[in-house]
Amino acid sequence: MDYLLAANDGLKILVGVSVLFVWVVRYHNIVEEFKLYHLPDWLRDLVGILKITFAVMLQTTSAYLVLLGSSGIILLMAAALITHFRMKTPYFKRIPSVVLMLICLMLFSIEYSLL
């Protein structure tokens, strides 16, 4: 059981750091990507606010907030994948969305099993 808790904590940190890195440090890439896909600025800002909020929820000790945060990121990543498929982007550009979705699916299942 200890290894499960350690893995859970490690995955939470990984998601939090990666979301903050992409949406804060590499924000200029996000701006370019949303322009390339002809998506409005308000949607980019809303997605950023939601993703950062969900990533912060993952860092709490509340199981319900972790479930909500992981569910939110799963939905956002599903929408990102749909957009990538519609825009026919190369497969390597879809990898981050898939990986983040899979990590959040693992977090959701671990956290749900701990309830």
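The model is predicted, so local features need pLDDT of at least 70 and side-chain atom pairs count only at pLDDT 80 or more, while totals for chains, interfaces and linings use all residues. Residues are numbered from 1 along each chain as its sequence is written, and side-chain values use heavy atoms, with hydrogens and water left out.

**Overall fold**

- The chain has five helices and zero strands; helices (H or I, at least four residues) and strands (E, at least two) are DSSP runs, numbered from the N terminus.
- The radius of gyration, taken over C-alpha atoms, is 14 Å, close to the 13 Å of the globule rule for 115 residues, so the chain is as compact as a globular protein of that length. The globule rule is 2.2 Å times the number of residues to the power 0.38.
- Buried residues make up 37% of the 115 residues, where buried means under 20% relative accessible area, exposed over 50% and partly exposed in between (1.4 Å probe, protein chains only).

**Aromatic pairs**

- The structure holds two aromatic pairs; rings of Phe, Tyr and Trp (its six-membered ring) pair if their centres lie within 6.5 Å, and planes under 30 degrees apart count as stacked, over 60 as edge-to-face and the rest as tilted.
- The ring centres of W23 and F34 are 6.3 Å apart with planes at 70°, so this pair is edge-to-face.
- W23 lies in helix α1 (residues 2-25) and F34 in helix α2 (residues 27-36).
- W23 is buried at 7% relative accessible area, and F34 is buried at 12%.
- F108 and Y112 are stacked, 6.2 Å centre to centre with 5° between the planes.
- Both F108 and Y112 lie in helix α5 (residues 91-114), four residues apart.
- F108 is partly exposed at 29% relative accessibility, whereas Y112 is exposed at 54%.
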